[in-house]
Amino acid sequence: MYGLTDADLLDYTQFLQSISHLVTLDPQYRAPLRDPSDLIVLQTAERDEADILCTDDGAFYDPIILSYCAARGIEVCNEQTLLEWLIRVN
């Protein structure tokens, strides 16, 4: 059988907790996104000063959103581009 053991899962969740922190969101936050449910994703990236936002959601590839993100130092990319970038930097 393949997969993670309970101990592996516990180790991984503890690792994630050790490198994570909470981002306080502003319910009044506005950005030029069509889908209001995407606002929390963008706001989290912006408030936490993310360098990269990895998504396959087409709304984030709208030229207006790409410009909005770029002005805040956030690059929007898909999984393949992120993996290629991670391979290059490591």
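**View 1. Arginine 72 and the ring of tyrosine 68.** In this close-up, the charged end of arginine 72 sits over the ring of tyrosine 68, 3.5 Å from the ring's centre; a charge sits over a ring if NZ of Lys or CZ of Arg is within 6 Å of the ring centre and within 35 degrees of the ring normal. The model shown here and in the other views is predicted, so local features need pLDDT of at least 70 and side-chain atom pairs count only at pLDDT 80 or more, whereas totals for chains, interfaces and linings use all residues. Residues are numbered from 1 along each chain as its sequence is written, and side-chain values use heavy atoms, with hydrogens and water left out.

**View 2. The buried side of helix 3.** Helices (H or I, at least four residues) and strands (E, at least two) are DSSP runs, numbered from the N terminus, and helix 3 covers residues 63-71. Its buried residues are Ile65, Tyr68 and Cys69, where buried means under 20% relative accessible area, exposed over 50% and partly exposed in between, with a 1.4 Å probe and protein chains only. Seen down the axis of helix 3, these residues fall within an arc of 95 degrees, so they line one face of the helix; the arc is that of the directions from the helix axis to the C-beta atoms. An α-helix has 3.6 residues a turn, so residues three or four places apart point the same way. The buried residues of helix 3 pack against helix 2 and against strand 2 (75-77), contact meaning heavy atoms within 4.5 Å. The face turned away from this buried side carries the exposed residues Pro63, Ala70 and Ala71.

**View 3. The two ends of helix 3.** At the start of helix 3, a side-chain oxygen of aspartate 62 reaches to within 2.8 Å of the backbone nitrogen of isoleucine 64. A polar contact is a pair of N or O atoms within 3.5 Å; within protein, one must be able to donate a hydrogen and the other to accept it, and residues adjacent in sequence count only if both atoms are side-chain atoms. Just after helix 3, glycine 73 takes a positive phi of about 75 degrees.

**View 4. Helix 2 and its buried glutamine.** In helix 2 (residues 39-47), the buried residues are Leu39, Leu42, Gln43 and Ala45. They cover an arc of only 160 degrees around the axis, which puts them on the same side of helix 2, and what covers them includes strand 1 (52-54) and helix 3. Glutamine 43 has a relative accessible area of 3%, and a polar atom of its side chain lies 2.5 Å from the backbone nitrogen of aspartate 26. Not counting residues up to four places away in sequence, glutamine 43 touches Leu25, Asp26 and Tyr29.

View 5. Glutamate 49 is found in the loop between helix 2 and strand 1, and it has a positive phi of about 55 degrees although it is not a glycine. Most residues other than glycine have a negative phi. Glutamate 49 is exposed, with a relative accessible area of 66%.

**View 6. Cysteine 54 and cysteine 77.** The structure holds zero disulfides, a disulfide being a pair of cysteine sulfur atoms within 2.5 Å. For cysteine 54, the nearest cysteine sulfur is that of cysteine 77, 4.8 Å away. Cysteine 54 is partly exposed, with a relative accessible area of 32%, whereas cysteine 77 is buried, with a value of 5%.
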